[in-house]
Amino acid sequence: MSFEPKIVAFLCNWCAYAGADMAGTSRLKYPANVVPIRVMCSGRIDAEFIIDAFEKGADGVFIGGCHPGDCHYVSGNYRARRRVEMVKKLLSQMGVNEKRLRIEWVSATEGKKFATVIEEFVDEIKKLGPSPWRK
Amino acid sequence: MARRIGVFICHCGINIAGVIDVEKVAEEMRKYPGVAFATTYQYMCSDPGQNLIREKIEEENLDAVVVAACSPSMHEETFRSVCKDYFSIYRCEMANIREQSSWVHDPEEATEKAIKLLKATVEKVRENEDFNPIMVPVERKCLVIGGGIAGIQAALDIADAGYKVILVEKEPSIGGRMAQLSETFPTLDCSQCILTPKMVMVSRHPNIKLLSYSEVIEISGFVGNFNVKILKNPRYVDEDKCTVCGDCEKVCPVIVPNEFEMKRAPRKAIFIPFPQAVPSTYTLDREACLGLAPLTCAECRDACEADAINYDMQAKVIEEKVGAIIVATGYDLYDKNKLVEYGYGDDDDIITSLEFERMLSASGPTGGKIIKPSTGEEPKKVVFIQCAGSRDVQHMPYCSSICCMYTAKHALLYKHNVHDGEAYIFYIDIRATGKGYEEFIARVMEEERINYIRGKVAKIFREGDKIVVYGIDTLTGKRVEIKADLVVLAMAIVGKKGTKDIAKLLKVAVDDGIFLKEAHPKLKPVEALSRGIYFAGCAQSPKDIPAVVAQASASASKVLSIISKDKLEKDPLIAVVDEEHCSGCGVCISVCPYEAMQRQPNGKAKCIEALCEGCGTCAASCPSGNIEMRNYKDEQIEKMIEVII
């Protein structure tokens, strides 16, 4: 059986979540491996949530936020961007390929971008195979 | 903590049930811990659907509800208002199994994902706590950005209702594009004649503060309490003293192109855009002026008997607090230089629709006379080209909505001016959907004997004193060649230059970088995604004057629903510091974009309720995990992660 990765997506309420809705409204198909959790801002995503997801067996973690300069809460996406860079380093030190964590800017109008990015990410994770932390 | 959770799964007709096996999802959820009841229904948002939820809350003694249906942005409010009669609205959550599952996945995987989404939502609602909304005071004023017909109408509606409006216009006068038009379709009303009374009403209205020649440079805060900074550019003429006698203009030695006339006519460095301008005053164009030092040239100042000219005037930053904002920044024509196939820019006799509009205007550069710009003669053959840049994947893919109508008007007015002239219109389709529009098109086609050619123009080039238009008539399949005196391009409409900058200040999205994005294309067409910000006019999409006016009034009524109250309910889902364990490191204080996190005398951090917007950046940054986001607690999110995986 082919490998079907498990991916958690944290989507900010104002841009990425609305972008995912837009993909739906436009009926753009993308893989169902990614299951979203809505948070108010990408700045809310604690480094612990990401590590926690991998510990629980996720093969990848996706974070969607507003474009730089467009954050509904002024600067939360910049915090998220820095935090992701930090967690990437941490992950690779712990034996998890940093490509398993991805952050993307998706605006409320970019349904197409959301679908494309998710498709790419799922392909990428499929190539990488199951996470080494998977039980 | 909820112990008896009810799960309600919507079919949404076949939108959900046509893909997702809703019965299987319900079956699965019945087995899930804490779920006391699960059912499906055809349309959960309908009256019977809502009643079903009410009935089951009572019958099954439910203490929380999860509705699996469309996006929470559609119906969260609907379902929460149902639950409000029984318990806190935070005991109702939605699982988005339509936009984010049935519409984007195949049946089997969509069903699996729906189950995961539902389980995660059940986990969230289980740990949600009850909170009452925080009440915050409302600044009972509105900011309107843009003084075209959209901004004018919105400002007047709000001011008439008894509330203060600050109307900001970038140009020296309000009036916008409508002031540039000659007649309006389909009734051929004189555009200025119907607009200028409204402009005067704006200037006289005690509730409207008009800031012309000004720009919004900073916006912060949230619905009910926006802080706005407006830059008032110096016009070097005292608005109150200027009598519009025109003595300054006569003596000014500088001649530059006149933007109001689409640069097809000159103006002086000191100018009034058009005679009916509001505010009624001259403006000195700093860029064009020889220098604001009286030693260089002080002709205008010396000529001014009213002593209105002041070279020392400075730019001023004005700060205002408002409760709501309307964006009505209007449109520009598509960049003409990009239409190389139509030879624009190379030839004086190929002009845009707005240039032709100015030519038709009695107050325009030709006094209403239609001329061939290169020679000043009367053009005997004119070709109008619709969809110049619109409905074209190489330029703008959308329909600009108003060009079919104004081109018909242009051709008609041309024939009324030049009785022996011939007019040709190249079109793709004729879209005449407004009231009286189809009849107008029929009149132009039949009575005025305008030649409509269905097809696109391939190429335009000059041959001697004529412009050759090469096209195809797709109805006969024959090639068409017309030797014209004048060509008028109905250019595509794009959001006004600077729309993106305003959108950035307001944190609102822009569709493909062109038009402001509304909260919902059908049901929230004038609202931005962020509460308290509304749109009016062509900044949101191309539309004709009646639609603009209707949208402006709609925005005004939305604004009134906010600023007519003393207080506004604010989401209580904010950050809370565990003071006992706070080490006082101050990281949260440094990351908070709203200065809501403040240090107390004891060194510990505290969240100020009224300022916190609930983004959660502080909670994610706290090194000791001592900040809790109400109903987005760490434990909730971690539990959601668990059930998803």
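The secondary structure of chain B comes to 17 helices and 36 strands, where helices (H or I, at least four residues) and strands (E, at least two) are DSSP runs numbered from the N terminus. This is a predicted model, in which local features need pLDDT of at least 70, side-chain atom pairs count only at pLDDT 80 or more, and totals for chains, interfaces and linings use all residues. Residues are numbered from 1 along each chain as its sequence is written, chains are lettered from A and ligands numbered from 1 in the order in which they are written, and side-chain values use heavy atoms, with hydrogens and water left out.

**Chain B as a whole**

- Taken along the principal axes, the C-alpha atoms of chain B fill a box of roughly 85 × 70 × 40 Å.
- Of the 645 residues of chain B, 57% count as buried, a word that stands for under 20% relative accessible area, while exposed stands for over 50% and partly exposed for values in between (1.4 Å probe, protein chains only).
- Among the contacts in chain B with a separation of 6 or more, 69% come from residues 24 or more positions apart, where a contact means heavy atoms within 4.5 Å.
- The domain assignment of chain B gives domain 1 (5–127), domain 2 (141–232 + 318–330 + 496–563), domain 3 (333–494) and domain 4 (573–629), with bounds that come from an automatic or database domain assignment.
- The centres of domain 1 of chain B and domain 2 of chain B, taken over C-alpha atoms, are separated by 39 Å.

**Two packed helices in chain B**

- The axes of helix α2 (residues 47–59) of chain B and helix α3 (residues 72–83) of chain B come within 10 Å and cross at roughly 35 degrees; such axes are lines fitted to C-alpha atoms, for helices over the stretch in contact, and the angles run from 0 to 180 degrees between N-to-C directions.
- The crossing of α2(B) with α3(B) is right-handed, which is the word used if the near helix is turned clockwise from the far one by less than a right angle, left-handed being used if the turn is anticlockwise.
- On the side of α2(B) the contact is made by Q50(B), I53(B), R54(B) and I57(B), and on the side of α3(B) by T78(B), F79(B), V82(B) and C83(B).
- Sorted by class, this contact of α2(B) with α3(B) has five nonpolar, two polar and one charged residues; Ala, Val, Leu, Ile, Met, Phe, Trp, Tyr, Cys and Pro count as nonpolar, Asp, Glu, Lys and Arg as charged, and the others, Gly among them, as polar.
- The buried residues of α3(B) include P72(B), H75(B), E76(B) and R80(B), and the buried residues of this helix pack against α1 (16–25) and β2 (34–39) of chain A together with α2, β3 (64–69) and β4 (92–96) of chain B.

- Q551(B) is found in helix α14 (residues 545–563) of chain B, and it counts as buried because its relative accessibility is 8%.
- A polar atom of the side chain of Q551(B) lies 2.7 Å from the backbone nitrogen of G537(B), and a polar contact of 3.1 Å joins the side chains of Q551(B) and K543(B).
- A polar contact is a pair of N or O atoms within 3.5 Å; within protein, one must be able to donate a hydrogen and the other to accept it, and residues adjacent in sequence count only if both atoms are side-chain atoms.
- E123(B) lies in helix α5 (residues 107–127) of chain B and is buried, with a relative accessible area of 7%, while its side chain makes a polar contact of 2.7 Å with the side chain of Y32(B).
- Not counting residues up to four places away in sequence, E123(B) touches Y32(B), K639(B) and V643(B).
- A20(A) is found in helix α1 of chain A and counts as buried at 1% relative accessibility.
- Leaving aside neighbours within four places in sequence, A20(A) is in contact with L11(A), F114(A), E99(B) and Q100(B).

**Backbone details in chain B**

- Most residues other than glycine have a negative phi, and most peptide bonds are trans.
- A cis peptide bond, with omega about -5 degrees, joins F185(B) and P186(B), and P186(B) has its place in the loop between β8 (183–184) and β9 (189–190) of chain B.
- The peptide bond from V278(B) to P279(B) is cis, with omega near 0 degrees.
- V244(B), although not a glycine, has a positive phi of about 55 degrees, and this residue is partly exposed, with a relative accessible area of 28%.
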